[in-house]
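Me: I would like to learn how to read a few features of a protein model, one at a time. Can we work through them with the structure in view?

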Amino acid sequence: MEPATEEAAPAPRPQPRSQPSPPPDPQPSPAVHPSQNEPAPEPRGTKSPRTRPVSGVVPPYWQRHERNTSRTSQSSQTHSALITLEDHTTDPESETSRGLWARSVEIEDHVVVQGKTGVGAYVVWNCHIQTLDGGPMVVRMRYSEFDDLRQRLISAFPHARNALPALPPKSVLYKFRPTFLENRRAGLEYFLNCVLLNPEFSSSPVVKDFLFGRLS
């Protein structure tokens, strides 16, 4: 008896591979609009002033400095005496008047001198010097002689150059006009007073030799 043949079981069919489902499409996120209350984003490279540290230290040059009253200011406030002028010419032996021999200088008038050929006129100034002894002196000087005296004093007293005022300016066109002559007279008178009322100048041989040799 032949054995019964077993029917071969049908081979299983291969199952088709499941394809991966595609990822869901991303949903567009709703646009976010900045509200009016929120600050707008700052561009890169800039720092907000709120991020800077605030220092509580005040630089010394911002501090207020009060000026302290010095001793000189206190004395000037407590002793507010008026400035007074004293005449030391009455005491010829005092330290301030030693060497003085003139009390005042006035240039009252002038004379126009014509040249020998009628050309080259010049002005001669009559200087009246009141001495401490009471006797007046009259010295006649041209403008060029005032300038010569000033240059000699500058050479003899270089440290006192600022004590010598400048002479009035020159003029070729207006040198004989009344207004110009009056301004020159006042300037020369002021210069001569600054020289003769200064003990250092007036007692020097420069001034004495220069003026005494021109006495009229």
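**Reading strands, a helix and salt bridges**

Reply: Strand 2, residues 122-131, is mostly covered, with seven of its 10 residues buried. Keep in mind that this is a predicted model.

Me: What are the bridge partners of Val112 and Trp125?

Reply: Val112 has Val123 in strand 2 as its bridge partner. For Trp125, the bridge partner is Met141 in strand 3.

Me: How many residues lie between the strands in the hairpin of strand 2 and strand 3?

Reply: Four residues lie between them, and in this hairpin Gly134 takes a positive phi near 100°.

Me: Now to helices. Which residues of helix 2 are buried?

Reply: The general idea is that an α-helix has 3.6 residues a turn, so residues three or four places apart point the same way. In helix 2, the buried residues are Tyr143, Phe146, Leu149, Arg150, Leu153 and Ile154. Viewed down the axis of helix 2, its buried residues fall within an arc of 135°, so they line one face of the helix.

Me: What span does helix 2 have from its first C-alpha to its last?

Reply: Helix 2 has 14 residues and reaches 20 Å, close to the 20 Å expected at 1.5 Å a residue.

Me: How many salt bridges does a search of the whole structure find?

Reply: In general, side chains of opposite charge can pair when their charged atoms come close. The search of the whole structure finds four salt bridges. One of them joins Glu145 and Arg214, whose closest N and O atoms are 3.1 Å apart. This pair links distant parts of the chain, since Glu145 is in helix 2 and Arg214 is in the segment after helix 5 (205-212), 69 residues apart. Glu145 is partly exposed, at a relative accessible area of 21%, and Arg214 is partly exposed too, at 24%.

Me: Where do Arg152 and Asp148 lie?

Reply: Both are in helix 2, four residues apart, which is about one turn of the helix. Arg152 counts as partly exposed at 41% relative accessibility, as does Asp148 at 29%.

Me: Is Arg185 buried or partly exposed?

Reply: The cut-off for buried is under 20% relative accessible area. Arg185, at 18% relative accessibility, therefore counts as buried. Its salt bridge partner Glu182 has closest N and O atoms 3.0 Å apart from it, and Glu182 is partly exposed, with a relative accessible area of 42%. Glu182 and Arg185 both lie in helix 3, three residues apart. A network of salt bridges links Glu182, Arg185 and Glu189.

Me: Last, the surface. Which residues make the nonpolar surface patch of about 370 Å²?

Reply: Val172, Leu173 and Tyr174 make that patch. Tyr174 sits in the loop between helix 2 (143-156) and helix 3 (178-196). Tyr174 is partly exposed, with a relative accessible area of 40%.

Key. Residues numbered from 1 in each chain as written. Predicted model: local features only at pLDDT ≥ 70, side-chain atom pairs only at ≥ 80, totals over all residues. Heavy atoms only, no water. Patch = residues over 30% accessible without salt bridge, like charges linked within 9 Å, V, L, I, M, F, W, Y side chains within 5 Å. Areas by Shrake-Rupley, 256 points an atom, 1.4 Å probe, with all protein chains shown as cover. Salt bridge = Lys/Arg side-chain N within 4 Å of Asp/Glu carboxyl O. Helix = DSSP H or I, 4+ residues; strand = E, 2+ residues; numbered from the N terminus. Buried < 20%, exposed > 50% of the residue type's maximum accessible area, 1.4 Å probe, protein only. Pairing = 2+ DSSP bridges. Expected span 1.5 Å × (residues − 1). Arc of directions from axis to C-beta.
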